[in-house]
Amino acid sequence: MIATMLTIMIVLLLLGFPMMIPMMAAAIVVVIFFMPNIDPMFLVQQMMEGISSYVLLAVPLFIFAADIMSTGKTSKRLLDFVGAFIGHLRGGYAITTAAACTLFGSISGSTQATVVAIGTPMRKRLLSVGYKDSSAIALIINASDIALLIPPSIGMIIYALAAPRVSVGDLFIAGIGPGLLIFAMFAIYSFIHAKIFNIPLAPKYSWKERWKVTVKALFPLGFPAIIVGGIYFGIFSPTEAAGISVLYALILELLIFRTIKIPDVPKIALSTGLVTSAVFILVAAGQAFSWLISYARIPQMLTETVLGSDPTALQVLLIVAIFFFIGCMFVDPIVVILILTPIFYPAAMAAGVDPIHLGIVITFQAALGSATPPFGVDIFTASAVFNKSYLDVIKGTPPYIVMLLIASVLIILFEEISLFLL
């Protein structure tokens, strides 16, 4: 049965079908030929159940808010603000890129959206002060990983959907520590890299100019303050925060900045709808597939084979990290989280792993795999946005991958990095 399932999925993927088709085809074939006592229509019920969760309402709302702000001038205002204070330092524009990805991650929750919104203007700035294109692109796609850890994070919402009784709000707060850790590592590396390669310093802003860009950035900076602060102090739930983020984005771009007009809103909503539909189809297919592998006791068989009968918490986390990292190198992170979380979650709970810590480890590996060859989704996003070849995009990534792997080990070994704010 397992061999049949894997064969169907691999063959259909090699033929170029989108991921939801191999998952559903494999599930239907297995039910028909190996589980004749189960009505195949039950898979449809599972699909509907997969997208009926209240927490999923946050996904289209956060995407919509990010699309509104990406269409407007929010990302530029954030870039100007950060650049005004640190752009003139050694490696300042590279540090600005990492900082801007961190800030924009608190708006988009998506690595790919961050690559587009921050990468396009920052690549030009990095090139203007002497960075090689390969170094600039590598920094952009790897710094975008921070967006999946800084709240709000779509990856964390999907994990909370796949893992029972896990608070999305707690996950959001727990992601702040790892996100800041990565930013600090990238900032230190950027300083050293700029010193070694003698990257010229960017012009220094006067305090008057800094005041101007700070005033312009006050409203965009209010976005993470409202989202994180509201969730942390229990004012509203993550889903309610998503609704507030849309309202806040519309007020900013329509009424205050006036960078978009009312006729633009339906166009932006259509773009959001297309992205959301793709996400929800994956979630629905993933729910049916997850139910099937759970019913067939595949998680128990796999974990006993890979982990043994009595694994320690550290062993479980290391195996989880390896499986998710490799999986996200080849497949969309949403799919990997939906499929693998139900497999490893029971073993992790039995070993005494904190479910929030497990969620951060999984989300981090999803982010890391997204920017790692051969098929990390951020690589192809950058290739399309910057019109560069695959090899040009990945040329400068090794130092960042090494740093992210070091950060991964630290997050696994020291759960306080994730849980100190809870």
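A cavity is a set of points, on a 1 Å grid over the protein atoms alone, where a 1.4 Å probe fits but cannot get out, and its lining residues have an atom within 4 Å of a point. The model is predicted: local features need pLDDT of at least 70, side-chain atom pairs count only at pLDDT 80 or more, and totals for chains, interfaces and linings use all residues. Residues are numbered from 1 along each chain as its sequence is written, and side-chain values use heavy atoms, with hydrogens and water left out.

**Exercise 1.** Describe the largest cavity and its lining.

Step 1. The count gives one cavity of 30 Å³ or more.
Step 2. The largest cavity holds about 40 Å³, a volume being the space filled by probe spheres set on the points.
Step 3. Its lining includes Gly87, Tyr93, Val129 and Pro200.
Step 4. Seven lining residues are nonpolar, three polar and none charged; Gly counts as polar and Tyr as nonpolar.

**Exercise 2.** Check the span of helix α11 (residues 176-196).

Step 1. Helices are DSSP runs (H or I, at least four residues), numbered from the N terminus.
Step 2. The expected span is 1.5 Å times one less than the number of residues.
Step 3. For the 21 residues of α11 this should be 30 Å, and the end C-alpha atoms are 30 Å apart, which agrees.
Step 4. Just after α11, Asn198 has a positive phi of about 50°.

**Exercise 3.** Is Arg123 buried or exposed?

Step 1. Buried means under 20% relative accessible area, exposed over 50%, and partly exposed in between (1.4 Å probe, protein chains only).
Step 2. Arg123 counts as buried because its relative accessibility is 17%.
Step 3. Arg123 belongs to helix α7 (residues 111-128).

Key
On a 1 Å grid over the protein atoms alone, a cavity is a set of points where a 1.4 Å probe fits but cannot get out, and a pocket is an open set with protein on both sides within 12 Å along at least five of seven lines; lining residues have an atom within 4 Å of a point. Helices (H or I, at least four residues) and strands (E, at least two) are DSSP runs, numbered from the N terminus.
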